[in-house]
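Here is a short tour of one protein chain. Keep the sequence and the 3D view side by side as you read.

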Amino acid sequence: MSHILVKRIKGTNDIFNDELKYWYHIERIFREIARRYNYSEMRTPIFEATELFIRGVGKETDVVQKQMYTFEDRGGRSITLRPEGTAPVIRAFLENDLSTGGLPKKFYYMGPIFRYEKPQAGRMRQFHQYGVELIGSSDPVADFETIKFAIDFLNAVGLRDYELRIGSIGCGKCRKEYKSALRKYYSDKYDQLCEDCKRRFNTNILRLLDCKIDAELAKSAPETTDYLCDECAEHFKKLRIYLDSLGIDYVVDGHLVRGLDYYTRTVFEIKHSSLGAQDTLIGGGRYDGLVEELGGRPTPSVGFAGGFERLILVLKQENIKIKDLPRCQVYIATVGEKARMYGLKLAENLRLKDISVDMDLMGRNLRNQLKHANRINARYSIILGDEELAREIAIFRDMDSGEQTEVDLDWMENYIAEKIKEGD
RNA sequence: GUGACCGUAGCUCAGCAGGCAGAGCGUCUGACUGUGGAUCAGAUGGUCGUGGGUUCAAAUCCCACCGGUCACCCCA
């Protein structure tokens, strides 16, 4: 190969060959679970007005501050490649007036997400998420449904050994109280904090909770769930009752906080131990203020999102069996121009019967055609030369066993269809 | 954005007290004019990540940049 002039962008990936089976597997199962829960797909553009994310995700979040791919288009508009999936779905919900026809509205989506970060295991600049949004219900049963959806999905994909953590960060009121409690707790320990945490003490005190250096201090820090107002406490309690009665294992984490500003009340994460430092497989929660923030009427909602790439890392790590990519079923090898002509016709007829057929497109001799058939992993080959044509037969070869049979030409299509049916 | 380790053939890697760029696998061809996988023989394959510096001489030593990996940060 000559030397490549243009390489792919850092933190992006080409996905092809055997790798694709993981993607198909996840997509198929996610759609299937969505169907069972009656969620319909929402496809939004991969870029949006920058303002959407600033308002939706929050000006002060890391995502908005330093991770967005933002640029000006030729019309001078500020455009951003979507760094998350929820704000666009809510935008589409509002823009298309989808509250008409009754709430709640339930959507799922899958597609690329972009964040400018330094790539590492389980973290890419272009990565892919699947997610759901349940728009319009404040009932804890809605929180329960999205969590159960996520669990059903992971189970169906073939995973176990994941851990569900749930928490509640309350409404705006509870959060204010919690933050001041945190500040109080840390104020007399300020000198023991690491440099980063000293900075975060003022900028984003919630982040002190998952600092790796000051983990010991964080352990006995106040818990969000102890600072909930009556309504929020009741909401969280009910959610737990639903989870308990349906036998879902979870851990309550009073230190669970999330990085996007729109979350209220319920937050949850599903982690897997076989991932490295980026061990969150699915993250989600309730966002009761977002629709209003984007210009709609108050519309409490819940959702979650998960990353394809991280899930695939786990599937590989755990050696989960994934259905193989479909195999080429028949390769037609021909010798001579007349046979080739007949082969073209045969290929067409087989393809009309929904059979996958490949044939020589290189003008190779028989030996090399079979070699190629072997290389593309064809299940069967048909060998047809002028000699066979004259006798009105063709050779049917099983490429796994090497067994050959002569089959009458006018019976060949049926014979192949029969053989393929047996193989299923 | 910060830090550590790493960049040699399509892939995995060797070569690094400076002195002709190598191996295995793969690929192609032949043995085998109409039968793949196995074997054997031959061939193909490289701005040694990029640029600069030191030197008679740099894949090897030094610097910068780019890329990869992992961790921090943050999150899916």
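E72 has S78 in strand 4 as its bridge partner. Strand 3 (residues 69–72) and strand 4 (residues 78–81) run antiparallel, joined by four bridges. They form a hairpin with five residues between the strands. There, G76 takes a positive phi near 80°. Note that this is a predicted model.

**Two domains**

The domain assignment of chain A gives two parts. Domain 1 covers 17–171 + 229–317, and domain 2 covers 330–417. Their centres, taken over C-alpha atoms, are 50 Å apart.

Which residue in strand 6 stands opposite P112? That residue is H128.

A second open sheet has five strands in the order 13-12-14-15-16. Its pairing is mixed as well. The edges are strand 13 (357–359) and strand 16 (404–408). From one strand to the next, the twist averages 25°.

Strand 12 (residues 330–335) pairs with strand 13 in the parallel sense, over three bridges. In this pair, Y331 has D358 as its bridge partner.

Helix 13 (residues 366–375) lies across strand 12, strand 14 (380–385) and strand 15 (393–398). Helix 13 runs at about 170° to strand 12. Helix 15 (residues 412–423) packs on the sheet as well, touching strand 12, strand 14, strand 15 and strand 16.

| Helix | Reference strand | Angle |
|---|---|---|
| Helix 13 | Strand 12 | about 170° |
| Helix 15 | Strand 15 | about 15° |

**Two backbone exceptions**

Most residues other than glycine have a negative phi, and most peptide bonds are trans.

What is the phi of N38? It is near 60°, a positive value in a residue other than glycine. N38 sits in the loop between helix 1 (20–36) and strand 1 (40–41).

The other spot is a peptide bond. L103 and P104 are joined by a cis bond, with omega about 0°. P104 lies in the loop between helix 4 (86–95) and strand 5 (105–114).

**A cavity**

How many cavities of 30 Å³ or more does the count give? It comes to one. The largest cavity holds about 50 Å³ of space. Its lining includes I169, C174, R175, Y178 and L206. T224, Y227, L228 and V257 also line the largest cavity. By class, the lining has seven nonpolar, one polar and one charged residues.

Key:
Residues are numbered from 1 along each chain as its sequence is written. Chains are lettered from A and ligands numbered from 1 in the order in which they are written. This is a predicted model: local features need pLDDT of at least 70, side-chain atom pairs count only at pLDDT 80 or more; totals for chains, interfaces and linings use all residues. Side-chain values use heavy atoms; hydrogens and water are left out. Domain bounds come from an automatic or database domain assignment. On a 1 Å grid over the protein atoms alone, a cavity is a set of points where a 1.4 Å probe fits but cannot get out, and a pocket is an open set with protein on both sides within 12 Å along at least five of seven lines; lining residues have an atom within 4 Å of a point. Grid points are joined across faces, edges and corners, and a volume is the space filled by probe spheres set on the points. Ala, Val, Leu, Ile, Met, Phe, Trp, Tyr, Cys and Pro count as nonpolar, Asp, Glu, Lys and Arg as charged, and the others, Gly among them, as polar. Two strands pair if DSSP finds at least two bridges between them. Helices (H or I, at least four residues) and strands (E, at least two) are DSSP runs, numbered from the N terminus. Axes are lines fitted to C-alpha atoms, for helices over the stretch in contact, and angles run from 0 to 180 degrees between N-to-C directions. Contact means heavy atoms within 4.5 Å.
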